[in-house]
Amino acid sequence: PLTTFYFIVVAAVCFVGGQNEKAVGRCVLTSLVVVFLVWDVPGVYDAVFGSWLPNTPAVGATRGLAYEWQFRTGLEHYASAMGMVFAVSFKGVVRWFTEVDQLAGLQSVVVKGCSALALCVATCPWLIEIHVLPKSDFNTWHPYTFFIPLLAFVFLRNVSKTFRGYCLGPFRSLGRVTLETYLLQHHLLMNGKSKTILVVVPGLPLVNLGVVSVVFFGASQVCFQATGEMKDALLGSEPLRNLGILTLATAALTCFAALVQRFLATLLGTAVAVCMLAAVWVICCRPPKVLRALTVAWASSTVAVAVLSQIPWHFVPASAPASPPQGAGAGVASDPLRGLLVLGIASVMLWSGDGFAGSLWIGTALRKQLRRDTKYQEVELGQAVSRKPQIA
């Protein structure tokens, strides 16, 4: 739900902004203001979400779903917005690097070095003061400072043409499936609300790590490819129409799942009901080939889950989790002053096109000064050459 929520936020901003860069920038700034109001202004979150999210303890949310949603979304409530800010500023960043790379060797090093120094000066306090905090204290700072080390790393990683010309193949392959690995970690690597880990080879932790990792990354790659194929097959050339149909189909399947859970509260019973529904759909409605394949895959995966659930997998407890924060709002990342600071930094990035929070300004000012000095030297040299010796 967390990933889906922020995906919907980004999709809404892109849809409203359209192809106009200025309109997209205004939509991104509007989303930042909305995020600030909802998560950082006291009382607004309770009015928006607290009115319909329950506060009673539930499985996986011992302090209530309203608190759990505020805690989880609050940890990353500026992440998607700041990512969009950098995306909007990306053209300016590329133009800056292109112009600086064309400078003379020493001038380019000096300009990039000053910008890198500014980012490192901002990163050092984060490493010394914030990164070492206990988990509960770090959570309150993380949403407002997470972009500092990220921007420093991105700048240093792309600081020269040589650095940009090389990449690690394994990291590039893993980068394509980061979303899938993030989602599947809770289904393959961990269980029991992330308090247990899967052990396939007991007594040999390194061997177990290797076996589970191969299965994990292989499954992530399969999910990545399947997601792309399903997107092309389901959305096609009329995405809005198909998205509406998918929404209705999802609502129907959700109602079906609720009925199954109510009357057939076992995995085997659910698998039988799903297979019966899939058979009726394929035989009576005669869907296209792609949808038939997806239906068969859906029914097969349901049966596979029902069968695999009967195998006595061996899970062992992970390290003891930290004790939950105490108090009504303990551990929730919400601070109006820090939120205003992030909002101001993001506004400057959007207005200036500087994706590195103003650090490129320093290099730009230095570059202009170097150009001005070079022009003065050229003028003086030209005047000296144009002077002709006087013959008495």
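Mentor: Helices here are DSSP runs of H or I with at least four residues, numbered from the N terminus. This is a predicted model, in which local features need pLDDT of at least 70 and side-chain atom pairs count only at pLDDT 80 or more, while totals for chains, interfaces and linings use all residues. Residues are numbered from 1 along each chain as its sequence is written, and side-chain values use heavy atoms, with hydrogens and water left out.

Trainee: In which helix is N208 found?

Mentor: N208 is buried, at a relative accessible area of 10%, where buried means under 20% with a 1.4 Å probe and protein chains only. Leaving aside neighbours within four places in sequence, N208 is in contact (heavy atoms within 4.5 Å) with L198, V199, V200 and V201. The element that holds N208, spanning residues 205–235, is helix 13.

Trainee: Which backbone oxygen does the side chain of T123 reach?

Mentor: T123 belongs to helix 7, residues 105–130, and is buried with a relative accessible area of 11%. Not counting residues up to four places away in sequence, T123 touches I148, P149 and A152. At 2.8 Å, the side chain of T123 reaches the backbone oxygen of L119.

Trainee: Within what arc do the buried residues of helix 6 fall, seen down its axis?

Mentor: Helix 6 covers residues 90–101, and its buried residues are G92, V93, W96, F97, V100 and D101. These residues line one face of the helix, because, seen down the axis of helix 6, they fall within an arc (taken from the directions from the helix axis to the C-beta atoms) of 165 degrees.

Definitions and conventions
Helices (H or I, at least four residues) and strands (E, at least two) are DSSP runs, numbered from the N terminus. The expected span of a helix is 1.5 Å times one less than its number of residues. Buried means under 20% relative accessible area, exposed over 50%, partly exposed in between (1.4 Å probe, protein chains only). A polar contact is a pair of N or O atoms within 3.5 Å; within protein, one must be able to donate a hydrogen and the other to accept it, and residues adjacent in sequence count only if both atoms are side-chain atoms.
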